[in-house]
Amino acid sequence: MIGIIDYGMGNLRSVEKAFKYVGYEAKIIKDVASVKEAHALVLPGVGAFPDAMDTLIKTGMFEEIKRQIDKGKLFLGICLGMQLLFEKGFEIEETEGFKIFKGQVIELPKHNKIPHMGWNSLEIKRETPLLKGVENGDYAYFVHSYYIANNEEKYVYAVTDYGVQIPAVIIKDNVFSCQFHPEKSGKVGLKILKNFGEMAK
């Protein structure tokens, strides 16, 4: 069972339906016990970095998610769920994240329209099972005003361009993450979720 973590942010139902569409059982979870029981974890999200961290800490899920990641449980962060994996976010106020990856979450440069919302192409930097069947130049759907900066390039598997190069897929060991929304990215997104489901078997 793939556990989709509910911390009050993001369209969880669309992620759940997308996994079920590609043949994998997914369930929305919102407590520590369910985080422990899930075979794999997905942290989606749309919203503010500090609010998300506050909720995860207060519910006890923050520490349990970290424990499960350290144990090697497969994990996928989506959009805000990706950003929370980094050292710090600077949305509204400076807030510490999970610190799984080095780097900060900062506001997109203002020379382009903010938020970055809509379809943008992916430039694949490295092969990974998560992107099996995804071609260089394929389009994914983005909605965000902040992006990952000062990160380690060796973990970047795909980028997109929006006046600045935005890390779009970042992976380290059992932790996978994408800045775009696979559940809103049509056939490309469904491939990615199916690939994650395959790895979670």
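Visitor: In which sense do β7 and β11 pair?

Guide: The model is predicted, so local features need pLDDT of at least 70 and side-chain atom pairs count only at pLDDT 80 or more, while totals for chains, interfaces and linings use all residues. Residues are numbered from 1 along each chain as its sequence is written, and side-chain values use heavy atoms, leaving out hydrogens and water. Strands (DSSP runs of E, at least two residues, numbered like helices from the N terminus) pair if DSSP finds at least two bridges between them. Between β7 (104–107) and β11 (146–149) there are four bridges, and the sense is antiparallel.

Visitor: Which residue of β11 stands opposite Val105?

Guide: Val105 can be followed across to β11. The residue that stands opposite is Ile148.

Visitor: Which strands are at the edges of the open sheet?

Guide: Four strands form this open sheet with mixed pairing, in the order β6-β5-β7-β11. Edge strands pair on one side only, and here they are β6 and β11.

Visitor: Within what arc do the buried residues of α3 fall?

Guide: Helix α3 (residues 49–59) has Phe49, Pro50, Ala52, Met53 and Leu56 as its buried residues, buried meaning under 20% relative accessible area with a 1.4 Å probe, protein chains only. Seen down the axis of α3, they line one face of the helix, because their arc, taken from the directions from the helix axis to the C-beta atoms, is within 160°.

Visitor: Which helices are included in what covers those buried residues of α3?

Guide: The cover includes the strands β1, β5, β6 and β7. Among the covering elements there are also helices (H or I, at least four residues), namely α4 (61–70) and α5.

Visitor: Which residue follows α3?

Guide: The residue after α3 has a positive phi, near 85°. That residue is Gly60.

How values were computed: Buried means under 20% relative accessible area, exposed over 50%, partly exposed in between (1.4 Å probe, protein chains only). Contact means heavy atoms within 4.5 Å.
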